[in-house]
Amino acid sequence: MLRAALIGFPSVGKTTLFQLMTNSADGPDGSRRTEAHVGVARVPEPRLDRLVELVQPKKRVPATVELAEMAGHGGTRSLLDIAAFREADALLHVVRSFRDERVPHTSGSVDPERDARTMEEELILADLGVAERRLGRLDQDLKKRPDDGLRAEQAVLRECQAALEAGIPLRRLSLDAPATKRLRGFQFLSAKPLLVVNNLDEADLPDGLAGAASGLQTVLSDAGAQAVGVCAKIELEIAQLDEEAASAFSADLGLTESGLDRIIRASYELLGYISFFTVGEQECRAWTVPRGTVAQDAAGEIHTDLSRGFIRAEVVPYTDFIEHGSLAACREHGRMRLEGKEYVVRDGDIITYRFAT
Ligand SMILES: Nc1nc2c(ncn2[C@@H]2O[C@H](COP(=O)(O)OP(=O)(O)OP(=O)(O)O)[C@@H](O)[C@H]2O)c(=O)[nH]1
Ligand SMILES: [Mg+2]
């Protein structure tokens with residue numbers, strides 16, 4: 001399951017977006033900066049809808065994304081203190097482009113480019129603090145007891161320190177696999193994939209939806225980040241309308257896809273995530289794994305028993321399933337493949353696991 005953290009400066013629309021994405025009405029309790037506000041977003045997946053139509057299962061279970069929202073006044077420090085942020089797979093940085101004068105801006109003016117840059121600087125500074133503290137300790141330890149593992153850690157941390165001091169986020173370093181592994185435990189914020197969510201003014205629709213007009217593009221390429229546009233407040237209002245009114249209103253504004261759709265799709269693209277499906281009379285269900293995941297690890301996403309007792313995976317590509325309408329028909333027509341542990345799962349695969357308990 002993808003875990004994402006909604007971060008940003010005060011009053012940029014994080015809670016509004018959180019409500020839009022998780023379909024909830026609550027927000028974080030502002031008085032408790034030590035806890036994250038956590039919710040679950042269901043991943044929109046039209047292919048799952050098609051499978052449900054064909055299979056008519058008792059249950060339709062979408063993939064989910066766990067969303068943690070930061071309280072604006074918690075500051076970047078709270079990102080280091082709270083596990084839900086430290087452990088996030090991706091950061092969704094909400095920046096304000098909406099101009100509404102009734103909502104005061106903490107920096108005095110609406111400037112998404114400045115905000116994106118400032119946040120990036122804060123992430124870099126936070127990481128620099130972590131790296132320096134660890135390097136200090138390593139120095140002392142190495143004086144007492146020379147150790148190759150510690151020395152390797154020191155080397156890679158020094159490389160990080162140099163990058164951070166030059167204002168380069170760690171996600172832009174190309175480190176080899178052992179170095180990446182050594183760094184994993186630090187959960188550096190600037191190493192996390194970053195999606196800037198540009199909270200647009202209504203008047204910017206629909207052209208702003210691509211996310212990065214103007215100077216924001218430069219900030220994004222410096223950061224190695226992507227952007228997507230939303231109009232959180234209006235989209236939340238639309239989400240509360242009945243279907244007919246919602247589609248009429250959306251069409252007026254040029255919104256062809258919901259904000260949730262766009263953000264999730266952009267996050268999946270950014271992270272290289274794909275979907276696979278399990279189908280049966282009980283339930284049809286979508287799952288998310290990073291591209292390149294092998295069948296046995298994908299099984300572990302469903303249940304550890306499936307991974308441990310893995311025998312084989314029966315795989316049907318999505319388009320074949322749609323053409324033939326059922327797993328049995330796919331088997332009859334020779335469209336079902338038997339794959340082993342090392343099979344690399346493809347986007348849209350329908351998988352039935354055979355396993356021993
Ligand atoms: N006009 C307009 N107002 C918005 C938009 N998004 C959010 N707002 C308003 O801005 C104010 C702050 O929104 P929140 O979603 O609470 O922002 P936040 O980032 O969670 O704020 P903190 O948690 O206090 O940092 C609210 O009054 C929202 O209604 C938008 O797209 N357009
Ligand atoms: Mg909030």
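Predicted model: local features only at pLDDT ≥ 70, side-chain atom pairs only at ≥ 80, totals over all residues.
## Confidence and domains

The protein chain has an average pLDDT of 90, and 95% of the residues score at least 70. Residues 29-33 stand apart with a pLDDT below 50, and in the model this stretch has seven contacts beyond near neighbours in sequence.

Three domains divide the protein chain: domain 1 (2-44 + 60-106 + 193-271), domain 2 (120-190) and domain 3 (292-355). Taken over C-alpha atoms, the centres of domain 1 and domain 3 are separated by 33 Å.

## The largest pocket

The largest pocket has a volume of about 740 Å³. Its lining is made up of 30 residues, of which Leu-20, Ala-239, Ser-258, Leu-260 and Asp-261 are the closest to the centre. Two or more lining residues come from each of helix 1 (14-22), strand 2 (37-42), helix 9 (232-239), helix 10 (243-253) and helix 11 (259-271).

Sorted by class, the lining of the largest pocket holds 14 nonpolar, 10 polar and six charged residues.

## The second largest pocket

For the second largest pocket the volume is about 590 Å³. It is lined by 18 residues, and the closest to its centre are Thr-180, Arg-184, Ala-191, Lys-192 and Pro-193. Helix 7 (residues 177-184) supplies the largest share of this lining, namely three residues, and by class the lining has 10 nonpolar, two polar and six charged residues.

This second largest pocket lies between domain 1 (2-44 + 60-106 + 193-271) and domain 2 (120-190), because both of these domains give residues to its lining.

## Two residues with positive phi

Gln-56, although not a glycine, has a positive phi of about 50°. Gln-56 is found in the loop between helix 2 (46-55) and strand 3 (59-61), and with a relative accessible area of 61% it is exposed, since exposed means over 50%.

Gln-187 likewise is a residue other than glycine with a positive phi, here near 50°, and its place is in the loop between helix 7 and strand 6 (194-199). The relative accessible area of Gln-187 is 24%, so this residue counts as partly exposed, that class covering values between the 20% limit for buried and the 50% limit for exposed.

Conventions. Residues numbered from 1 in each chain as written. Chains lettered and ligands numbered in written order. Heavy atoms only, no water. 1 Å grid on protein atoms, 1.4 Å probe; cavity = no way out; pocket = protein on both sides within 12 Å on 5 of 7 lines; lining within 4 Å. Points joined across faces, edges and corners; volume = space filled by probe spheres on them. Helix = DSSP H or I, 4+ residues; strand = E, 2+ residues; numbered from the N terminus. Nonpolar A, V, L, I, M, F, W, Y, C, P; charged D, E, K, R; others polar. Domains from an automatic or database assignment. pLDDT = per-residue confidence, 0-100. Contact = heavy atoms within 4.5 Å. Buried < 20%, exposed > 50% of the residue type's maximum accessible area, 1.4 Å probe, protein only.
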